[in-house]
Amino acid sequence: MDIKKLQTTVVDALEDVKAQDIVMFDTTGLTSLFDRICIASGTSNRQTKALAASVRDKVKEAGGDVIGVEGEDTGEWVLVDLGDMIVHIMQAPIRAYYRLEEIWGEKPVKLGAAKRKSSAEGKAASEAEAAPKKKSGHLAASKAAKSAEAVIEKKAAPARKPGTVKAAAAAGAAAKKAAKKVTPAVEAPEGKKVKVAASKTSVASAKAAKEAKAKSAAKAAEAPVKTVIKRIKKPAAE
């Protein structure tokens with residue numbers, strides 16, 4: 001398999017399972033055993049195993065050779081040998097400890113820049129084709145025909161006769177005058193006493209009481225005055 005096709009297949013397989021920090025280096029000047037080395041990180045043992053399985057299956061489907069897979073029992077560091085390329089799938093602490101980038105990282109390889117660019121351009125072209133084309137506004141044929149709308153005519157209010165208008169105005173003026181003449185009820189303010197006129201019954205009873213009192217006073221004046229005679233004790237004889 002062509003080396004460029006192989007590295008594109010490996011990167012796609014790693015990205016399908018959400019690999020982190022994917023890097024690739026050209027090792028042709030450092031060793032004759034392989035031409036490329038790829039390093040990627042997984043967050044758990046299960047993910048590293050899944051990444052290795054994805055790389056193995058994708059390369060086989062593309063017609064490449066898979067020589068062997070090592071480290072699947074623990075999942076901390078899984079190595080996939082593809083002949084011309086070695087793929088190291090590691091957990092973050094193991095990768096930070098061994099620092100393979102410092103050993104093989106003299107010539108980094110750009111990962112699928114041309115492929116991503118072409119796919120992005122194709123996607124943009126398909127979106128542009130799917131978008132509706134704008135029509136020029138000055139062409140009458142490009143303007144959409146407006147649908148006919150029903151027109152509702154408003155009936156004018158019937159004209160009033162001059163006699164009825166004058167009669168209504170006169171009635172309104174008379175009602176306003178009558179409302180002005182009505183004196184409003186006077187309400188006594190709170191906290192003050194209001195004098196209420198005495199009823200006829202109470203006045204008559206008070207007058208009868210006065211007359212009876214006057215009669216009793218006159219009878220008392222006409223009665224004879226009683227005289228009181230005091231007896232004088234004589235002194236005892238000597």
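Here is a short chat about the structure above.

User: What sort of model is this, and how many helices and strands does the protein have?
Analyst: It's a predicted model, where local features need pLDDT of at least 70, side-chain atom pairs count only at pLDDT 80 or more, and totals for chains, interfaces and linings use all residues. Residues are numbered from 1 along each chain as its sequence is written, and side-chain values use heavy atoms, with hydrogens and water left out. Helices (H or I, at least four residues) and strands (E, at least two) are DSSP runs, numbered from the N terminus. From that end the order is α-β-β-α-β-β-β-α-α-α-α-α, and the count is 7 helices and 5 strands.

User: What percentage of the residues in the protein is buried?
Analyst: Buried means under 20% relative accessible area, exposed means over 50%, and partly exposed is in between (1.4 Å probe, protein chains only). The protein has 238 residues, and the buried share is 20%.

User: Where is Val-87, and is Val-87 buried or exposed?
Analyst: Look at strand 5, residues 85–91, to find Val-87. Its relative accessibility is 0%, so Val-87 counts as buried.

User: Which residues does Val-87 touch, leaving aside neighbours within four places in sequence?
Analyst: A contact here means heavy atoms within 4.5 Å. One of the partners is Cys-38, which sits 49 residues away in sequence but 4.7 Å away in space, C-alpha to C-alpha. With those neighbours set aside, the list reads Val-10, Cys-38, Val-55, Val-78, Leu-79, Val-80 and Leu-82.

User: What kind of pair do Tyr-97 and Tyr-98 make?
Analyst: Tyr-97 is exposed, with a relative accessible area of 65%. Ring pairs link Tyr-97 into a cluster with Trp-77 and Tyr-98. The ring centres of Tyr-97 and Tyr-98 are 5.0 Å apart with planes at 85°, so the pair is edge-to-face.

Terms used: Rings of Phe, Tyr and Trp (its six-membered ring) pair if their centres lie within 6.5 Å; planes under 30 degrees apart count as stacked, over 60 as edge-to-face and the rest as tilted.
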